[in-house]
Amino acid sequence: MAHSGVVPPGKRKEIYKYVAPWPLYSMNWSVRPDKRFRLALGSFVEEYNNKVQIVSLDEDSSEFTAKSTFDHPYPTTKIMWIPDSKGIFPDLLATSGDYLRVWRAGEPDTRLECVLNNNKNSDFCAPLTSFDWNEVDPNLVGTSSIDTTCTIWGLETGQVMGRVNLVTGHVKTQLIAHDKEVYDVAFSRAGGGRDMFASVGADGSVRMFDLRHLEHSTIIYEDPAHTPLLRLAWNKQDPNYLATIAMDSCEVIILDVRVPCTPVARLNNHRACVNGIAGPPTPAVTSAQQVMTIKHSSGTFSKCLEPLRTPSLHTLQLKARSTRSSGGRLNPIGLLSATTRV
């Protein structure tokens with residue numbers, strides 16, 4: 001657990017703890033070099049009014065502090081900072097829920113830049129289950145929805161003129177990706193890292209698409225029992241490999257796109273349902289220390305540093321002795337329905 005009291009000079013905490021005012025669901029680290037140790041957190045309150053909070057680490061006091069808090073309609077199904085490791089783009093973050101929203105981060109005020117809605121002829125919307133921001137071309141964002149579609153958005157960054165919004169967006173393409181709801185989408189680093197992406201959905205399949213050839217797709221895997229697949233993650237060291245998880249399952253399925261439909265491995269060391277997967281953030285990570293985050297329903301998160309034991313995709317397990325798992329899982333719209341208690 002987190003250290004209490006003052007940390008002796010010359011020593012660093014190994015675990016940093018922050019208690020949010022509400023239960024947490026979504027979370028994402030900023031990668032800007034001028035904003036070290038900054039997180040965006042999304043609340044999980046079962047009503048319309050929710051919050052997003054930006055917190056950062058005060059390295060002098062070794063404590064996380066809130067820098068900005070703003071309202072958000074419904075819980076965020078995902079939060080992402082713009083993948084800008086060089087700090088050359090505007091300081092943006094995006095959230096998904098009823099729509100895709102792009103925000104400009106500020107202290108203390110974070111401003112809504114644009115709401116991306118591809119169904120402007122109706123008062124109703126199909127909620128977004130997830131999205132991904134292209135690392136090679138940050139002007140591309142892909143979303144997945146319960147209406148069976150994936151949408152690729154193009155973002156445009158203009159000059160700041162008075163109070164005119166800085167960012168606008170348009171639909172580059174929308175495609176029917178699955179036979180049922182789509183639960184996750186992720187860009188691949190293969191083929192230059194810009195045009196290829198994969199999705200998973202309630203039909204139990206993993207499908208891969210190429211923006212240059214959208215007339216067809218490749219089915220990478222189909223669950224034999226057609227169990228919904230909730231999440232996927234690419235191996236960023238080798239784009240031939242990706243991982244996925246099924247609903248109410250304790251195992252992680254590893255796939256090789258060169259050998260469709262046949263898993264190359266099944267990781268089944270978990271004793272409760274898996275609700276998240278992630279690969280090492282950069283190919284340079286092999287045996288160095290790996291940053292991991294743990295989310296709790298109590299509104300608490302911890303940042304842990306521990307050796308990375310495998311250079312490939314790994315899953316997050318809770319190891320704190322005082323933690324009891326109640327088998328947290330994702331419900332069909334991608335929200336946490338059972339949680340971990342501390």
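Contact here means heavy atoms within 4.5 Å. Keep that in mind for the views below, which come from a predicted model.

View 1. Is Val 257 buried or exposed? Buried means under 20% relative accessible area, and Val 257 has 17%, so it counts as buried. Setting aside neighbours within four places in sequence, Val 257 is in contact with Met 208, Ile 220, Trp 234, Pro 239, Asn 240 and Leu 242. Take Ile 220 from that list: it is 37 residues from Val 257 in sequence, yet the two C-alpha atoms are 6.1 Å apart.

**View 2. The largest nonpolar core has 17 residues.** Val 206, Ile 220, Leu 232, Trp 234, Leu 242 and Leu 255 have the most contacts inside this core. Which elements give two or more residues to it? They are strands E15 (196–201), E16 (205–210), E17 (218–222), E18 (229–234), E19 (241–246) and E20 (252–256). Zoom in on Leu 232 and, leaving out neighbours within four places in sequence, you'll find it in contact with Asp 184, Val 185, Ala 186, Ala 198, Ser 199, Val 200, Leu 242, Ala 243, Thr 244 and Ile 277. There is also a second, separate core of 16 residues, which includes Ile 82, Ala 94, Phe 131 and Leu 166. In soluble globular proteins, nonpolar side chains tend to be buried together.

**View 3. One cavity of 30 Å³ or more turns up in the structure.** The largest cavity holds about 60 Å³ of space. Who lines it? Ile 82, Phe 89, Pro 90, Leu 92, Trp 133, Pro 138, Asn 139, Leu 155, Thr 157 and Val 167 do. Sort that lining by type and you get 8 nonpolar residues, 2 polar and no charged.

**View 4. Asn 28 lies in strand E2 (residues 24–29).** Not counting residues up to four places away in sequence, Asn 28 touches Arg 38, Leu 39, Ala 40, Ile 79, Met 80 and Trp 81.

View 5. Start at Pro 108, in the loop between strand E8 (100–104) and strand E9 (111–116). The peptide bond leading from Glu 107 to Pro 108 is cis, and its omega is near 5°. Next comes Tyr 74, in the loop between strand E5 (63–73) and strand E6 (78–81). Its phi is near 65°, a positive value in a residue other than glycine. Tyr 74 is partly exposed, with a relative accessible area of 40%. Then go to His 226, in the loop between E17 and E18. His 226 isn't a glycine either, but has a positive phi of about 60°.

**View 6. Zooming out, the protein chain has 0 helices and 27 strands.** Of its 342 residues, 49% count as buried. Look at contacts between residues at least 6 apart in sequence, and 49% of them join residues at least 24 apart. The accessible surface of the chain is about 16,600 Å², with 50% of that belonging to carbon and sulfur atoms.

Note on methods: Residues numbered from 1 in each chain as written. Predicted model: local features only at pLDDT ≥ 70, side-chain atom pairs only at ≥ 80, totals over all residues. Heavy atoms only, no water. Helix = DSSP H or I, 4+ residues; strand = E, 2+ residues; numbered from the N terminus. Buried < 20%, exposed > 50% of the residue type's maximum accessible area, 1.4 Å probe, protein only. Areas by Shrake-Rupley, 256 points an atom, 1.4 Å probe, with all protein chains shown as cover. Core = buried A, V, L, I, M, F, W, Y, C linked by side-chain atoms within 4.5 Å. 1 Å grid on protein atoms, 1.4 Å probe; cavity = no way out; pocket = protein on both sides within 12 Å on 5 of 7 lines; lining within 4 Å. Points joined across faces, edges and corners; volume = space filled by probe spheres on them. Nonpolar A, V, L, I, M, F, W, Y, C, P; charged D, E, K, R; others polar.
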